[in-house]
Amino acid sequence: MTTTLEQSQALFIRRWGTMGSSWGISRTMAEIHALLYISDRPLCTDDVMQMLQVSRGNASMNLRQLLNWGLVRRIHTLGDRKDYFAAETDVWQMFQTIIRERRRREVEPILETIDRCRQMVAQDLRGARGAERAAIETYHQRLNELHGFLDMMNALLNGVLDVGSGGVKRALTALHKLRG
């Protein structure tokens, strides 16, 4: 018989897993993170396997990924050979870690690709005429606009990370006043 707490925790873990998979990380990785985040104690790989009904390989691989992201830390218990894991529970710190990792994995590579694409067509623009020139100019303009937007979002994220949760709260208060 499951308690209301267990049902609520299972719902949270499932929803976090669904959200994680829509963000491009594996559902299991997100579920393990959710389990460790809500747990009142560090858990070992066996605990994770049993609670989420996943294989040892799946649990180990995803725990390693969470360690790499910096969302989970390894805890050693004196006299116990097992590794235990605990999630970062400071929500602001967790947010910062996720933002930095996602930017490194997603935003920076697309910015590099846009720069490379712009350089590639810049050479062709010199000798192009007519419709070919118009197509290159349109392409180049759209790449510039996308790059500018991503730079602006990067600057916004940097600002959010720099001012911390207190600064974000103050900024939200100011935005609410502007909206009336």
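In this predicted model, the side chain of Asp-83 makes a polar contact with the side chain of His-76 at 3.2 Å (a pair of N or O atoms within 3.5 Å; within protein, one must be able to donate a hydrogen and the other to accept it, and residues adjacent in sequence count only if both atoms are side-chain atoms). Asp-83 also reaches the side chain of Arg-74, with a polar contact of 3.0 Å. Local features need pLDDT of at least 70 and side-chain atom pairs count only at pLDDT 80 or more, while totals for chains, interfaces and linings use all residues. Numbering runs from 1 along each chain as its sequence is written, and side-chain values use heavy atoms, with hydrogens and water left out.

Asp-83 sits in strand 3, residues 83–87 (strands are DSSP runs of E, at least two residues, and helices are runs of H or I, at least four, numbered from the N terminus). At 25% relative accessibility, Asp-83 counts as partly exposed, that is, between buried (under 20% relative accessible area) and exposed (over 50%), with a 1.4 Å probe and protein chains only. Setting aside neighbours within four places in sequence, Asp-83 is in contact (heavy atoms within 4.5 Å) with Leu-43, Cys-44, Thr-45, Arg-74, Ile-75 and His-76.

Turning to the helices, the axes of helix 2 (residues 27–38) and helix 4 (residues 56–69) come within 9 Å and cross at roughly 70 degrees; axes are lines fitted to C-alpha atoms, for helices over the stretch in contact, and angles run from 0 to 180 degrees between N-to-C directions. Helix 2 contributes Thr-28, Met-29, Ile-32, His-33 and Leu-36 to the contact, among them partners of Leu-63 and Trp-69 in helix 4.
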